[in-house]
Amino acid sequence: AGAAGLVFAGLVRLGAGLTAAAFGAACLAIEAKALDFSTNGMETGFLLLFIAYAFWALTATRPQWRHLGVAWAGIMWTRPDGFIYIGLLGAGYAAFSFFGATWAERRATLLLLVRAALCCALLYLPWFTWAWTYYGSPVPHTIIAKGSMNAGRTLGGFLTTFVTLPFKVWVGQTSVEGTLLPTYYQGGGWPAVLAHGARAFGAVAMLAWCWPGLKAPVRAASLAFHGAHAYLTYFPYFPFPWYFPATGILAAVVWGGVAGQLLAARPAWRRMTVVVASILLLGEGALTVASAVQMRAKQEIAYGNLRRIGEWLHAHARPTDHIMLEPLGYIGYFSQLRAYDFPGLSSPRMVAARKAVGNGWGILLLSLRPEWVVLRPPE
């Protein structure tokens with residue numbers, strides 16, 4: 001709710017108008033994954049709040065750098081990969097604020113970003129210092145485990161992905177469509193028209209930074225959307241759905257900003273904007289309802305299958321036994337066994353074994369030798 005309010009307030013400050021600002025806020029407020037992952041115990045709600053706060057801060061008056069620094073620190077406290085969104089938003093705002101600006105305005109922009117960065121660093125330092133002292137590294141183990149699945153990724157590969165993203169989006173070779181599509185849409189079963197629509201609206205959010213008429217904060221949000229999806233397409237071994245709400249709020253800002261520009265244009269553009277915006281909101285609302293049905297079925301499977309497996313193991317295994325599996329959550333919790341989960345989000349020993357013998361399940365079983373294993377047929 002706070003994130004939607006800040007998106008609305010920021011768009012109004014930029015002169016988008018009440019209708020366009022409400023449209024942008026609504027795009028966030030009814031998006032299924034944002035709702036789902038904000039209510040299921042994840043950090044998503046806080047991440048959306050601080051990203052929206054950062055956008056609002058770029059539209060605010062003094063003391064703007066303090067707001068921006070606090071927003072950036074909040075992003076970092078919430079997600080370890082938050083620096084990606086901070087860097088993209090900051091770089092985009094700096095670049096697009098320089099066009100047509102005086103030297104004094106450019107200097108003010110640089111000072112704003114430097115002061116905000118220092119404020120962010122100061123507020124984030126307690127976690128950074130404590131984590132390094134306690135864990136031996138400020139990088140969370142889950143990042144190490146996931147990152148070890150992506151050997152060979154380079155900056156050059158990321159930049160190539162950034163450049164080719166607008167072309168590959170139309171053939172489903174990117175993560176862009178995931179911004180609007182339901183959780184785990186890759187499994188199929190959804191009408192093809194939804195994927196085409198998600199790619200089209202995603203392309204608007206991705207390329208709006210090329211439109212000089214948009215305000216710098218909106219163009220920065222578009223560039224951040226583009227860069228974030230280049231990251232999600234290239235670096236993770238799978239674009240998990242809980243990554244997408246962060247790109248969804250950036251898209252909501254861009255769609256609201258674009259709508260504001262078009263609604264201020266000639267009547268034909270205004271009519272077209274109302275029609276397209278209505279299609280997006282109706283489609284998003286329908287997908288949210290359908291996703292609720294999907295999540296209810298998924299929960300029945302979790303309680304009827306995964307939980308029962310965990311409870312059976314708890315009743316039949318010894319407390320000192322180990323279990324190897326991929327679906328760690330329900331089975332790990334209800335079994336209360338020590339787990340070698342793949343790829344090792346809770347298990348440093350699994351990460352070490354993967355580095356030593358590879359990712360094959362057979363060789364990992366021989367290396368780790370757990371008393372119990374839970375396998376899906378493909379595994």
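# Close-up views of a predicted model

**View 1. Helix 5 and helix 7 lie oblique to each other.** In this classification, angles under 35 degrees count as roughly parallel, over 145 as roughly antiparallel, 65 to 115 as roughly perpendicular, and the rest as oblique. The model is predicted, so local features are described only at pLDDT of at least 70 and side-chain atom pairs only at pLDDT 80 or more, whereas totals for chains, interfaces and linings use all residues. Residues are numbered from 1 along each chain as its sequence is written, and side-chain values use heavy atoms, with hydrogens and water left out. Helix 5 (residues 64-78) packs with helix 7 (residues 103-135) at about 40°, their axes being 7 Å apart; the axes are lines fitted to C-alpha atoms, for helices over the stretch in contact, and angles run from 0 to 180 degrees between N-to-C directions. Helices (H or I, at least four residues) and strands (E, at least two) are DSSP runs, numbered from the N terminus. Among the residues of helix 5 that meet helix 7 are Leu68, Trp72, Ala73 and Trp77, and the residues they face in helix 7 include Leu112, Cys120, Leu123 and Trp127, contact being defined as heavy atoms within 4.5 Å. By class, this contact of helix 5 with helix 7 has 17 nonpolar, two polar and two charged residues, where Ala, Val, Leu, Ile, Met, Phe, Trp, Tyr, Cys and Pro count as nonpolar, Asp, Glu, Lys and Arg as charged, and the others, Gly among them, as polar.

**View 2. Alanine 73 is a buried residue of helix 5.** Its relative accessible area is 3%, and buried means under 20%, exposed over 50% and partly exposed in between (1.4 Å probe, protein chains only). Residues up to four places away in sequence aside, alanine 73 touches Cys120 and Leu123. The C-alpha atoms of alanine 73 and phenylalanine 83, ten residues apart along the chain, are separated by 9.5 Å.

**View 3. Leucine 28 belongs to the largest nonpolar core, which has 88 residues.** Such a core is a set of buried Ala, Val, Leu, Ile, Met, Phe, Trp, Tyr and Cys residues joined through side-chain atoms within 4.5 Å. Leu28, Leu68, Trp72, Ile249, Leu250 and Trp255 have the most contacts inside it. Apart from neighbours within four places in sequence, leucine 28 is in contact with Ala3, Ala4, Val7, Ala34, Leu48, Ile249 and Ala252.

**View 4. Helix 12 and helix 13 are roughly antiparallel to each other.** Helix 12 (residues 244-263) and helix 13 (residues 267-316) pack at about 155°, with their axes 8 Å apart. Trp255, Ala259, Leu262 and Leu263 of helix 12 meet Trp269, Arg270, Met272, Thr273, Val274 and Leu280 of helix 13. Sorted by class, this contact of helix 12 with helix 13 has eight nonpolar, one polar and one charged residues.

View 5. Most residues other than glycine have a negative phi, and most peptide bonds are trans.
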